[in-house]
Amino acid sequence: MGYPNLPHQRETTVLSQYFGDAEARTLAGWKKRGGYKALEKALGMAPADIVNVVKESGLRGRGGAGFPTGMKWSFMKPGDGKPHYLCCNADESEPGTFKDRELMRWTPHALVEGCAIGAYAIGAETAYVYIRGEFTEPLHWMEEAVKEAYAAGIIGKNAMGSGKRIDVHVHKGAGAYICGEETALMNSLEGRRGNPRIKPPFPAVSGVFGMPTTINNVETLIAAAPILLNGADWYKKMSLSNPKSTGTKLFSVCGNVQRPGTYEVVMGFPFKEFLYDLCGGPAHGRKFKAVIPGGASVPIQTVEEAEATLMDYEGFVAQGSMLGSGGVIVIDDAQSMVSVIARIARFFAHESCAQCTQCREGTAWTTKIMERIRDGQGTTEDLDTLLDIADQMTGKTICVLSDSCAVPVVSGIKKFRGEFEALIQGRRFHPVVAAVA
Amino acid sequence: MPVFTGEVRRQLDELLTRYPTKMAALLPALWIVQRERGWVSDGGMTEVAELLELTPAYVKGVVTFYTMYHQHPVGKYFIQVCTTSPCGICGAEDVVKALLRHTNAGDLGLTSPDGRFTVIEVECLGACGFATPVMINEEFIESVTPEKVPDLLATLA
Amino acid sequence: MADTKMVNLTIEGRKVSVPDGTTILEAAKTAGILIPHYCYHPGLPVAGVCRMCLVEVEKAPKLAPSCATTVAEGQVVSVYSEKSLDARKGVLEMLLINHPLDCPICDQSGECELQDYTYQEGREDSRYREPKRFNPAEDFGGDVIYVPNRCILCTRCVRFMEDVAHEPTLNVSERGDRAVIGKFEGKDLTHPWASNVVDLCPVGALLSKDFLNKARAWELDRTASICPNCTQGCNVTMETRENQLVRMRPRPNENVNAFFMCDWGRLNYRWMNEKNRAEQPMVKRGNALANTSWEAAITAAARSLNGKKVFVAASPMLSNEALFLLTQLMQGGSGAFRVTEGEEAPLPGVKDLALRRERAANVHGAEALGFKKTKDLLGGLQQGDVLVVAGEDLAGIDSSAVSRASEIVVVGSVLPDALAKVSVVLPIANFSEEEGTVTNLRGRVQRFTQARQAPGETRPSWLVLGDLLGALGKQSNFFLPSEVFARLASSNTAFAGLSYDTIGFKGLPLANASPGSGAPVAAGVA
């Protein structure tokens, strides 16, 4: 049923099988559960071979972009004489997403292992785990796990006796969603304002401290271990719909649903069954109205679209949205879509780094108009203006925070225009009366 | 009164070994200042700047970018409530109201007359399935509802 | 040059060939197209934040920031396509939503890039209905005021202080639409080169206190000149209103000052507006000096100098032309000059650029022409010499030294202290009132032109000295300072081969100048 509930029988718990298992957090407990066998195997392989296995498996970045992980690792040129770096992106701040928090506070050693494997595969001796400052528990458990791993010689200057050096450092963020953007993360790590960088140059060429760098999400790195142990084919076989989407995915479910929590299912799982069966459907007497399936940056789905979706990268795109980070925000008929979208716009306006004109001004302008409409002071021109602003905010900036703010506005007006117009015409929003019994 | 003396200085020195540049120790150093003093003052920024060979203006530019560094003293208990949409649709606003009422803080960002509480709204805390998450200083509390607020505050001295 | 790989592309239908690594924005300049931009500046590292320079590139899925995108073979770029125009219009609209309607009271009006581009390509109206963001103005220290409401956050000022001045005193504070430029309490903008941020600011957010409310940009007359205040020889534009100098600003020169000038030089223009002047030719009658005509004064001066040994106490502010003609007067005598000194203040981010210790424009020209630099100005004045005081005020000079002179001829803009033995006064224009050349500390000869009308009966220095030499039977008439320079170039090997035409407004080095003198700067110095 998705942690904090017990696993549902239709989940496939590969990464989440130890959620809630306190003993799994210690080195002794982790080893008992088969921990660090994958790292041991990896250290006996050539890095290029590890990269190939991961490539074969079809693993794609689990942070939201879905970029093929093996290919990303292969961009790191070996033997260039420069120090390589691995950055683990644990800045999880996309509204609706909370899977990395669970992974880190329940299986911190899994991440240490994943970082070590990733670092070794890309020729890096140093891995930084950039954890957002608000994640008190993950920070604590990751620091503990790193300490234990160093003490046991698993990482350090002679990782598991391999002769290879692998250092893992936990780095605490300080409150900025934009530091989840890979180049902003690097700037923040370097001690700068978390401003995204222009690409090119790409991180694999010039990343943190100007050196070749790979940035991977927490879930992506943790997935590398079972892939190495069980083989690429095993991972590829876990794919119910599209062969380009393989393995399992953690979905964070929140909002107006009976059983919010973290669920792990095979790619391609039917979304309708996921929402009604695994997640328990809407609250008593309520109906679903909308779903934002991949964190606040992806288009809003109508219930019809959601119910027709197969849960993988291609499946969400086919139904008017994107898989994104897998943060499933479920909205029922008691909510005002205009209020929800106005609050999302406010989020982006608060988090804009202020570099690009369209983002700095556009997110704030969008928020002001949305709130005015929400409060009954909107006009029909406002809808055209909102769409114009959204167009100016799309495809024109250094990073996609700007585009992300435009997305819910555009999909909201397109699919829920009636609610906007009602407020503009002076009719206050009334939640649908809950059915009795 | 400098922050980075004795054991605290030793901690900074250890941190410096983790990065190839001094500047990269800036965020960790600022966390130490906030841990030791409760907030990051101009004096704290100046001290960090000198130690890391940066200018105070540069350090200030970094401090003001990140929301978690306090640039002025706050109540003994700094209460942060997530109100972004996933929590917003699960009643976060009511949790805020309950906290403001029961702490007597008056309004968001203000410190209660007894100096114990400051309540602010924050953006997504990354625990959306446990609505509404609340942070009190470094403590992270899940699933707070208006009903639980009085008991929660009662645990704070 | 054979090694430089060239890239061929088409910009707005014009074929362009530029070295590999050139940005689209710089390549467009070579085709005569200026892509509108704010945050980009050839003297600063690229930021790519204003998003104004986005252009359409055929086959590319997104608009490209032309300041940060290097050219590729066969690219086809449209600067004025519908998509490009629409994007710029969008940026302009966004910049204006919080921008106050300050044009009527804003110093930048008339030389404001936000005005210019909005007039060219912006919307006619505003769709913004919300309250505008407000922050109070802030004194940044030094000569600079910051008006946050007008700021477009291009960050040129921040990048200048960090990457060129090497003193990061400015930052971007806060985030999102709350962001402003900030400094640290107690750490002001007192860097000796800080005022360049006022030039760099495309709008009226950073203003000069010195220039505040003094003149409207369109009232100013502008002339190309050289800063006379030290030996660096920064290229400047002198700006006047009603014949008063109200501002000096740097003019780009990749071999001298890149795009910048120091605060000392910039703010030290008032002396050129000096009112306490010698404005009439004078001749001694009895015990006093009396006004007279130019003819009479020249004749009297020639009589004083004829056949005598002459010592010239010159000013290092005088032009090469004036100093050259003065050497022709020496008749076996000699000349010297003294120069005030101050602290050197380099601009670390530019090679070989500094406020120099010696605070006058033509120290090196004077030395090249045979004048001796000395702290004892009249040390070389021998008993019975005629003393020609050229441009010097003789302040602090011991009267016993002056008394060695048999008589004194003054050629200057101010009357010197010791007047007793002065027999003739020939009033000349000052640095801002005539045309000529000066030589900087690296031996670069640079032209300066007339920015102000000279007062009273004063005449250009080279004209007066030429007439004087004529009256001594020594030469033909000079009608233009270029003619004087031509005579100088033909008689002095260091200056050989130079002329006003070849010197132009970028200058040229003397034959014996130190090699490699100059400041490397990105392509694009106009």
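Visitor: Let's start with chain C: of its contacts with a separation of 6 or more, what share comes from residues 24 or more positions apart?
Guide: Bear in mind that this is a predicted model. Chain C holds 13 helices and 26 strands, and its C-alpha trace spans about 85 × 55 × 35 Å along the principal axes. Among its contacts with a separation of 6 or more, the share from residues 24 or more positions apart is 63%.

Visitor: And what percentage of chain C counts as buried?
Guide: Buried here takes 20 or more other C-beta atoms within 10 Å of a residue's own. Chain C has 526 residues, and the part of them that passes is 52%.

Visitor: There's an open five-stranded sheet in chain C; which strands stand at its edges?
Guide: Read across the sheet, the strand order is 2-1-5-3-4, with mixed pairing.

Visitor: Which residue is the bridge partner of Ile11(C) in strand 5 of chain C?
Guide: Look at strand 1 (residues 6-11) of chain C, which pairs with strand 5 (residues 76-78) of chain C in the parallel sense, over two bridges. In strand 5 of chain C, the partner of Ile11(C) is Val77(C).

Visitor: What angle does helix 2 of chain C make with strand 3 of chain C?
Guide: Helix 2 of chain C covers residues 82-97 and packs on the sheet. There it touches strand 5 and strand 3 (54-57) of chain C. Its direction and that of strand 3 of chain C make an angle of about 165 degrees.

Visitor: How far apart are the C-alpha centres of domain 2 and domain 3 of chain C?
Guide: Chain C is assigned domain 1 (6-92), domain 2 (102-114 + 124-219) and domain 3 (282-509). Domain 2 and domain 3 of chain C do touch, with six residues from each in the contact. On the domain 2 side those are four nonpolar, one polar and one charged. The C-alpha centres of the two domains lie apart by 42 Å.

Visitor: Over in chain A, how many charged residues are on the side of domain 2 that touches domain 3?
Guide: The assignment for chain A gives domain 1 (34-237), domain 2 (248-332) and domain 3 (337-424). The C-alpha centres of domain 2 and domain 3 of chain A are 23 Å apart, and eight residues of domain 2 meet 10 residues of domain 3. The domain 2 side has six nonpolar and two polar residues, and the number of charged ones is none: no charged residues.

Visitor: Within what arc do the buried residues of helix 3 of chain A fall?
Guide: In helix 3 (residues 47-57) of chain A, the buried residues are Pro47(A), Ile50(A), Val51(A), Val54(A) and Ser57(A). They pack against helices 2, 4, 6, 9 and 10 of chain A. Seen down the axis they line one face of helix 3 of chain A, because they fall within an arc of 125 degrees.

Visitor: Now chain B: which of its helices gives the most to the side that touches chain A?
Guide: This contact takes 35 residues from chain B and 46 residues from chain A. Elements of chain B giving two or more residues include helix 4 (56-63), helix 5 (85-88) and strand 4 (139-141). By class, the chain B side splits into 23 nonpolar, eight polar and four charged. The top contributor, with four residues, is helix 2 of chain B.

Visitor: Which helix of chain B gives the most to the side that touches chain C?
Guide: Here nine residues of chain B are in contact with 13 residues of chain C. The chain B side has four nonpolar, three polar and two charged residues. With five residues, the one that gives the most is helix 4 of chain B.

Visitor: Last one: what percentage of chain B counts as buried?
Guide: Chain B has seven helices and four strands, and its C-alpha trace spans about 50 × 35 × 25 Å along the principal axes. Of its 157 residues, the buried percentage is 46%.

Conventions
Residues are numbered from 1 along each chain as its sequence is written. Chains are lettered from A and ligands numbered from 1 in the order in which they are written. This is a predicted model: local features need pLDDT of at least 70, side-chain atom pairs count only at pLDDT 80 or more; totals for chains, interfaces and linings use all residues. Two residues are in contact if their C-beta atoms, placed from the backbone, lie within 7 Å. Ala, Val, Leu, Ile, Met, Phe, Trp, Tyr, Cys and Pro count as nonpolar, Asp, Glu, Lys and Arg as charged, and the others, Gly among them, as polar. Two strands pair if DSSP finds at least two bridges between them. Axes are lines fitted to C-alpha atoms, for helices over the stretch in contact, and angles run from 0 to 180 degrees between N-to-C directions. Domain bounds come from an automatic or database domain assignment. A residue is buried if 20 or more other C-beta atoms lie within 10 Å of its own, exposed if 12 or fewer, and partly exposed in between; C-beta atoms are placed from the backbone. The arc is that of the directions from the helix axis to the C-beta atoms.
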